[in-house]
Amino acid sequence: METNTEKNPENIISTAERLATALLRAKPITAYQQAKARLDADLEALKLIKSLSEAQVDLRMRQLRNAVSQEDVDQLRSLQRQIQSNQRIMDFAQTQQEAMAYLSAVNQEISQSLGVDFASLAGPASC
């Protein structure tokens with residue numbers, strides 16, 4: 001049974017705006033935003049991430065040509081260790097996982113309230 005509230009587009013928009021505001025103020029989301037800002041300001045960390053990405057692409061291309069050397073593997077592992085020992089990168093990764101878990105829980109709550117899989121209706125998202 002639909003109520004007047006469900007038919008009112010302004011009410012739906014207002015409710016969605018309140019949800020968005022609440023999400024932006026939620027601790028997992030603010031922690032993620034802060035960690036992302038710190039990461040974005042750390043040129044060395046960004047350079048390290050770029051180097052790892054490029055090394056991964058290079059290694060995949062070498063694998064296709066059957067031309068992977070032990071030196072290539074060692075270089076990739078070294079970059080991975082550097083990434084794992086970089087606190088700023090690890091903080092970002094951790095807060096990203098926590099934000100995604102939080103948003104997943106919110107999606108489940110909304111889905112249960114609506115009786116439909118809200119996340120599948122909302123479409124793809126990224127964090």
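1. A word on contacts before we start: two residues are in contact here when heavy atoms of theirs lie within 4.5 Å. Please also keep in mind that this is a predicted model.

2. Let's begin with α2 and α3. With that cut-off, Leu-23, Leu-24 and Arg-25 of α2 touch Lys-27, Ile-29, Thr-30 and Gln-33 of α3. Helix α2 covers residues 9-25, and its axis is 5 Å from that of α3, at an angle of about 60 degrees. The two helices are therefore oblique to each other. Sorted by class, this contact holds 3 nonpolar, 2 polar and 2 charged residues.

3. Next, how do α3 and α6 cross? Helix α3 spans residues 27-40 and helix α6 residues 87-114; their axes come within 8 Å and cross at roughly 150 degrees. An angle over 145 degrees counts as roughly antiparallel, so that is how α3 and α6 run relative to each other. The crossing of this pair is left-handed.

4. On the α3 side you will find Pro-28, Ile-29, Ala-31, Tyr-32, Ala-35, Lys-36, Arg-38 and Leu-39. They meet Arg-88, Ile-89, Asp-91, Phe-92, Thr-95, Gln-96, Glu-98, Ala-99, Tyr-102 and Leu-103 on the α6 side. By class, the contact has 11 nonpolar, 2 polar and 5 charged residues. Ile-29 deserves a click of its own: this α3 residue takes part in the contact with α6 and also in the one with α2.

5. Now to α4 and α5. Which way do they run relative to each other? Their axes come within 10 Å and cross at roughly 155 degrees, which makes α4 roughly antiparallel to α5. Here, too, the crossing is left-handed.

6. Zooming in on that pair, α4 contributes Leu-48, Ile-49, Ser-51, Leu-52, Ala-55, Gln-56, Leu-59 and Arg-62. Their partners in α5 are Asp-72, Leu-76, Leu-79, Gln-80, Gln-82 and Ile-83. The contact divides into 8 nonpolar, 4 polar and 2 charged residues.

7. On to charges. Side chains of opposite charge can pair when their charged atoms come close. The model has 5 salt bridges by the rule used, a side-chain nitrogen of Lys or Arg within 4 Å of a carboxyl oxygen of Asp or Glu. One of them joins Asp-42 to Arg-88, with the closest N and O atoms 3.7 Å apart. It links distant parts of the chain, since Asp-42 sits in the loop between α3 and α4 while Arg-88 belongs to helix α6, 46 residues apart. Asp-42 counts as buried because its relative accessibility is 17%, whereas Arg-88 is partly exposed at 34%.

8. Which residues form a network of salt bridges? Asp-58, Arg-62 and Asp-72 do. Asp-58 pairs with Arg-62 at 2.9 Å between the closest N and O atoms. These two are 4 residues apart in helix α4, so about one helical turn separates them. Arg-62 also pairs with Asp-72, at 3.6 Å from N to O. Because Asp-72 lies in helix α5 and Arg-62 in helix α4, this pair ties together parts that are 10 residues apart in sequence.

9. Asp-72, in contrast, counts as buried, at 12%.

10. Met-90 is another residue to look at in helix α6. Is it buried or partly exposed? At 30% relative accessibility, Met-90 counts as partly exposed. Leaving aside residues up to four places away in sequence, Met-90 touches Ile-83 and Gln-84. Its C-alpha is 9.5 Å from that of Ala-35, although Met-90 and Ala-35 are 55 residues apart in sequence.

11. Finally, please check the backbone at Asn-66. Its phi is near 60 degrees, a positive value in a residue other than glycine. Asn-66 is placed in the loop between α4 (43-64) and α5 (70-84). With a relative accessibility of 74%, Asn-66 counts as exposed.

Conventions
Residues numbered from 1 in each chain as written. Predicted model: local features only at pLDDT ≥ 70, side-chain atom pairs only at ≥ 80, totals over all residues. Heavy atoms only, no water. Axes fitted to C-alpha atoms, helices over the stretch in contact; angles between N-to-C directions. Parallel < 35°, antiparallel > 145°, perpendicular 65-115°, else oblique. Left-handed = near helix turned anticlockwise from the far one by under 90°. Nonpolar A, V, L, I, M, F, W, Y, C, P; charged D, E, K, R; others polar. Buried < 20%, exposed > 50% of the residue type's maximum accessible area, 1.4 Å probe, protein only.
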